[in-house]
Amino acid sequence: MLINEHTESLISERVKAIEAIADQLPAIVIVHRIEDFSVVYMSPKGLSLLGVSLDELKQMRAEYQHRFFNIEDSDDYWPKFKVMLSKNDMDSSISYFQQVKLAGSENWAWYISATKLFMQDEEGNAFLCITTATAIDEMKHMPAKAERLLEESTFLRENYQKFSTLGKREKEILKMVSYGKSSPEISEELGIASATVDAHRKNIKKKLSISSYYDFAQYARAFDLI
């Protein structure tokens, strides 16, 4: 969309208001243009962690996403963002985990982020969004549930391709094995031969590269079979 001088002035005022308190906030603040997800503003702490200036980020435009973030994470948050944008709801927000490549590091750092729509144009359509991001390792008292969610998110991302190779019957047997049921018990419940169940179990182990009941249960929990 084309931004006129009046709108640019309004953006500048909103950004200045954020700048005035940015150093007092416990999270990094980022303002994006929704049109191409280029950066309008990032608080000094975030710029320092990435090792760039605000002008450099602006020049990168949307490319900064590919340079500093694990794009695979967008499979989780992008559908949520599109729903929020389609509703044009200025009061709602979405939260999600992100992996960030910080300056001087070869490893991904985990952050928990929250995004909401920030400014609308004269026709009432959102064109800016604002995000706050906090490093997981800074959350000293993060609930155990949040830790489990992070672990499950990682497990899902790393093992989705393997899980997708399972057929409907294999997923059914995976679920039953995770409950501790034996091949004869599964055979009786499904009305198939015990040897057939054993063959399915062998194929599941091979496809998922697993061997123990714990492994079966981990997949069943992660992919909502139990």
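Biologist: Over the face of which ring does arginine 14 lie, and at what distance from the ring centre?

Modeller: In this predicted model, arginine 14 is placed over the face of phenylalanine 118, at 4.2 Å from the ring centre. A second case involves lysine 101, whose charged end sits over the ring of tryptophan 108, 4.4 Å from the centre of that ring.

Biologist: How many aromatic pairs does the structure hold, and how is such a pair described?

Modeller: A pair of aromatic rings is described by the distance of the centres and the angle of the planes. The structure holds eight aromatic pairs. In one of them, tyrosine 64 and phenylalanine 69 have ring centres 5.5 Å apart and planes at 90°, and because an angle over 60 degrees counts as edge-to-face, this pair is edge-to-face. Ring pairs also link Phe37, Trp78 and Phe81 into a cluster.

Biologist: Are tyrosine 64 and phenylalanine 69 buried or exposed?

Modeller: Buried means under 20% relative accessible area, so tyrosine 64 counts as buried at 1%, and phenylalanine 69 likewise counts as buried at 11%.

Biologist: In which sense do strands β3 and β4 pair?

Modeller: Strand β3, residues 93-101, and strand β4, residues 108-120, pair in the antiparallel sense over nine bridges, and the bridge partner of valine 100 is alanine 109 in β4. Six residues lie between the strands of this hairpin, where glycine 104 takes a positive phi near 80°.

Biologist: Where in the chain is confidence lowest, and where is it highest?

Modeller: Where pLDDT is low, the predicted coordinates should not be read in detail. The chain averages a pLDDT of 86, and 92% of the residues score at least 70. Confidence is lowest in helix α6, residues 144-163, at a mean of 73, and highest in helix α2, residues 44-50, at 94.

Conventions: Residues are numbered from 1 along each chain as its sequence is written. This is a predicted model: local features need pLDDT of at least 70, side-chain atom pairs count only at pLDDT 80 or more; totals for chains, interfaces and linings use all residues. Side-chain values use heavy atoms; hydrogens and water are left out. Two strands pair if DSSP finds at least two bridges between them. Helices (H or I, at least four residues) and strands (E, at least two) are DSSP runs, numbered from the N terminus. pLDDT is the predictor's confidence in each residue, from 0 to 100. Rings of Phe, Tyr and Trp (its six-membered ring) pair if their centres lie within 6.5 Å; planes under 30 degrees apart count as stacked, over 60 as edge-to-face and the rest as tilted. Buried means under 20% relative accessible area, exposed over 50%, partly exposed in between (1.4 Å probe, protein chains only). A charge sits over a ring if NZ of Lys or CZ of Arg is within 6 Å of the ring centre and within 35 degrees of the ring normal.
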